[in-house]
Amino acid sequence: MCLGIPGRIVEITDAENGLAKVDVSGVQRVISVRLLEQPPEPDDWVLVHVGFAMAKIDETEALLTLAAVQKLGEAYDSELEGLDSSSII
C-alpha cells in the first residue's frame with residue numbers, strides 16, 4: 001500500500017531543480033517539489049508520495065492526517081521505511 005504522508009519542508013536544497021529536504025515523522029529525505037504550483041518554503045507542509053510533494057497542506061490538516069495514518073500501523077511503518085531507504089538523487 002502506498003500512502004501520501006504529510007511532511008514539513010526543512011530546507012530548499014536545490015531551487016533550480018525543485019528539490020527540498022522534508023521531515024516526515026523524524027525521517028528526513030530530499031524530495032522533488034516540482035509538481036507544486038508554487039515553490040514551498042521552509043516550514044511549509046506538503047503531502048509526500050513516492051518522493052514527490054503532491055500538494056501543499058496546512059499544519060492542522062497535516063497533523064490530523066499524520067494522526068490518522070499512524071493508526072494504520074504496519075502500512076504506515078512500511079511507508080516510513082521506504083522513505084528512509086529511498087533517495088531522489
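1. Two strands pair if DSSP finds at least two bridges between them. With that in hand, welcome to this predicted model. Strand β2 (residues 19–24) and strand β3 run antiparallel, and six bridges join them. To find one of these pairings, look at Val22, whose bridge partner in β3 is Arg29.

2. Next, the turn. The hairpin of β2 and β3 has two residues between the strands, and Ser25 takes a positive phi there, near 50 degrees.

3. Is Ser32 buried or exposed? Its relative accessibility is 6%, so Ser32 counts as buried, the cut-off for buried being under 20%. The side chain of Ser32 also reaches the backbone nitrogen of Arg34, at 3.3 Å.

4. Now for the helix. Helix α1 spans residues 59–70, 12 residues in total, and its first and last C-alpha atoms are 16 Å apart, close to the 16 Å expected at 1.5 Å a residue. At the start of α1, Asp58 brings a side-chain oxygen to within 3.2 Å of the backbone nitrogen of Thr60.

5. Which residues of α1 are buried? Ala62, Leu66 and Val69 are. They sit on the same side of α1 because they cover an arc of only 75 degrees around the axis. An α-helix has 3.6 residues a turn, so residues three or four places apart point the same way. Turn to the other side of α1 and you will find Thr60 and Leu64, which are exposed.

Key. Residues are numbered from 1 along each chain as its sequence is written. This is a predicted model: local features need pLDDT of at least 70, side-chain atom pairs count only at pLDDT 80 or more; totals for chains, interfaces and linings use all residues. Side-chain values use heavy atoms; hydrogens and water are left out. Helices (H or I, at least four residues) and strands (E, at least two) are DSSP runs, numbered from the N terminus. The expected span of a helix is 1.5 Å times one less than its number of residues. Buried means under 20% relative accessible area, exposed over 50%, partly exposed in between (1.4 Å probe, protein chains only). The arc is that of the directions from the helix axis to the C-beta atoms. A polar contact is a pair of N or O atoms within 3.5 Å; within protein, one must be able to donate a hydrogen and the other to accept it, and residues adjacent in sequence count only if both atoms are side-chain atoms.
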